[in-house]
Amino acid sequence: MAPLRLGSLAPDFEAETTTGPINFHDAIDNSWAVLFSHPADFTPVCTTELGKVAKLAPEFAKRNVRVFGLSTNDLSDHAKWVDDINEVNNVDLKFPIIADKDRKVATLYDMLDSVEHDPTNVVNGIPFTVRSVFVIDPVKKIRLILTYPASCGRNFDEILRSIDSLQLSDKQPIATPADWQPGDDVIVHVGVSTERAKEIFPEVKEALPYLRFAKLPEEN
């Protein structure tokens, strides 16, 4: 199987989840999606991450993003773990967590760890997942891939920021600079002339011939 890259079609699959069985592409429907993996249930870092995503559920919904967690335990373990997540983080986790005990989805998305990288994340020769993140657009193309080691919790505010950038660049001929936040100036796409940019954006500042900053129209 060819490695997954930006622009690859996100592999489809069927799975059992905490909210019922899904076909992944059907579950995404016409939304954006975030698929993110966890090494195992009842693990400390994952418990904080899932709680954070539950708290951010309104922010993901505002961006038309459906969230799918994944862990390599069965549904019975997932149900008990969700109780822990809700209690510790004071949340009510509603999004589906995929039960991937046989690691079929983890293998499909190349999420599994290795002894060479982290022997503590491989038990009896069976690898657990690393902390993978896939952002998928409504046409089921992979738009962003992040991979964190099991020891490092993810920054979900950064994932939201990245989704904001992706969605904005789909609508406007722009890129976003380092540390960009919604409302900040953007960079005019290199394929757009300065003259054309001044017709599109209310204000354009040329720092260099190849680096033009612009303010977005008010409606954005």
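The model is predicted: local features need pLDDT of at least 70, side-chain atom pairs count only at pLDDT 80 or more, and totals for chains, interfaces and linings use all residues. Residues are numbered from 1 along each chain as its sequence is written, and side-chain values use heavy atoms, with hydrogens and water left out.

**Exercise 1.** Classify the ring pair Phe-24 and Phe-68.

Solution. 
- Take the rule: rings of Phe, Tyr and Trp (its six-membered ring) pair if their centres lie within 6.5 Å; planes under 30 degrees apart are stacked, over 60 edge-to-face, the rest tilted.
- The count by this rule is seven aromatic pairs.
- For Phe-24 and Phe-68, the centres are 5.2 Å apart and the planes stand at 80 degrees, an edge-to-face pair.
- Place the residues: Phe-24 is in helix α1 and Phe-68 in strand β4, 44 residues apart. Helices (H or I, at least four residues) and strands (E, at least two) are DSSP runs, numbered from the N terminus.
- Phe-24 has 0% relative accessibility, so Phe-24 is buried (under 20% relative accessible area, 1.4 Å probe, protein chains only).
- Phe-68, at 3%, is also buried.

**Exercise 2.** Classify the ring pair Phe-36 and Phe-156.

Solution. 
- The centres are 5.5 Å apart and the planes at 70 degrees, so this pair is edge-to-face.
- Phe-36 lies in strand β3 and Phe-156 in helix α6, 120 residues apart.
- Both Phe-36 and Phe-156 are buried.

**Exercise 3.** Find which strands stand at the edges of the open four-stranded sheet.

Solution. 
- The order is β10-β11-β13-β12, with antiparallel pairing; two strands pair if DSSP finds at least two bridges between them.
- β10 and β12 each have a single partner strand, so these two stand at the edges.
- Five bridges join β12 to β13.

Conventions. Buried means under 20% relative accessible area, exposed over 50%, partly exposed in between (1.4 Å probe, protein chains only).
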